Amino acid sequence: MKIAVFSTKAYDRQFLEAANSPAQHELVFFEPRLSQNTAILAAGFPAVCVFVHDLVDAPTLKILASGGTRLIVLRCAGFNNVDLQAAANLGIKVVRVPAYSPYGVAEHAVGLILSLNRKIPRAYNRVREGNFSLTGLLGFNLNGRTVGIIGTGKIGLILGQIMKGFGCNILAYDVYRNAELEKLGGKYVELPELFANSDIISLHCPLMPETHHLINAESIAQMKQRVMLINTSRGALIDTQAVIEGLKSGKIGFLGVDVYEQESDLFFEDLSAEIIQDDIFQRLTTFPNVLITGHQAFFTEEALYNIAETTFANIADIEQGRSCPNELIYKPEVAEKALVR
């Protein structure tokens, strides 16, 4: 099959080409993101492979369909950037990689927690400058603290296991309870109780209309003073302006994020020689108790290998007419835009 691969970096090409060796699909790599303006590049390609910041909306899908595309292959878990209804109407199938780096993402969340708590970035810079003062580096023991986990799928469960190892108490919220987390001693509660009793809150839920700006002025007001907030899931789970106000007031004592709601104009690119125009993002970077990484939580060798392997397994299922467990099916009668079959 001839496949157009958008938003590609050198590391994408390396792992995708290696995984493609047995199947020998014709891969054509495009560095730009997929959008209405770049969709014409995929003319004549039966399949298009995209990543988290590619815009697969109705206008883009119409251009792809007119060019012969019948399969959208997501090399990521999230699909909020895809108009599944439009794809279904155009006869375009959509597949994804539902789980490729649960340990990597959970471990990165822990890295943010430890770095914020023990002021590791500040301590590192001080020592490099010959400053060995401990003033301003005071942290706290994780043992005995309460961690609130919102979203207890694979990543949330692994985070619970790790934090339990530190001796933390676990509160959890999810529409569906995870029995494995309950075996660890995790207690499921409603969001107001989780907000009110958690020293650390970590987000691991998908972005849907119901979860958009889940963290907002109202929810922040319910949280403990100097709460630590961690987000390695989706940027738009957080109302950034409300979080900035929480940081200014001292309500939020620590913020660690690997995602940002307007990140598509920033992340995965080298903008070090440019003037960043996003004033809200720039304001975030001025706080000494904020740690931002550029959507790298997933970025491990194991993850890139799993993404590539699952991507081509999905393509093989569709190409050979088999049922694909990772196909996204549009269900108009369900509140959520899609269910995974």
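Two strands are taken as paired if DSSP finds at least two bridges between them. In this predicted model, strand β3 (residues 47–50) and β4 meet that criterion, since four bridges join them in a parallel arrangement. Strand β4 (residues 71–74) also pairs in the parallel sense with strand β5 (residues 93–95), over three bridges.

**Pairing and side chains of β4**
- Val50 has Leu74 as its bridge partner in β4.
- Opposite Val73 stands Val95 of β5.
- The side chains of a regular strand alternate between the two faces of the sheet.
- In β4, Leu71 and Val73 point one way, while Ile72 and Leu74 point the other way.
- All of these β4 residues are buried.

**Crossovers**
- A right-handed β-α-β unit is made by β3, helix α2 (residues 58–66) and β4.
- From β4 the chain continues through helix α3 (residues 84–89) to β5, and this β-α-β crossover is right-handed.

- Ile276 lies in the loop between β11 (252–257) and α11 (279–284).
- With a relative accessible area of 24%, Ile276 is partly exposed, because the buried class requires a value under 20% and the exposed class one over 50%.
- Leaving aside residues up to four places away in sequence, Ile276 touches Leu266 and Gln282.
- The C-alpha atoms of Ile276 and Gly235 are 18 Å apart in space, and these residues are 41 residues apart in sequence.

Key
Residues numbered from 1 in each chain as written. Predicted model: local features only at pLDDT ≥ 70, side-chain atom pairs only at ≥ 80, totals over all residues. Heavy atoms only, no water. Buried < 20%, exposed > 50% of the residue type's maximum accessible area, 1.4 Å probe, protein only. Helix = DSSP H or I, 4+ residues; strand = E, 2+ residues; numbered from the N terminus. Right-handed = clockwise from strand over helix to strand, strands pointing away. Contact = heavy atoms within 4.5 Å.
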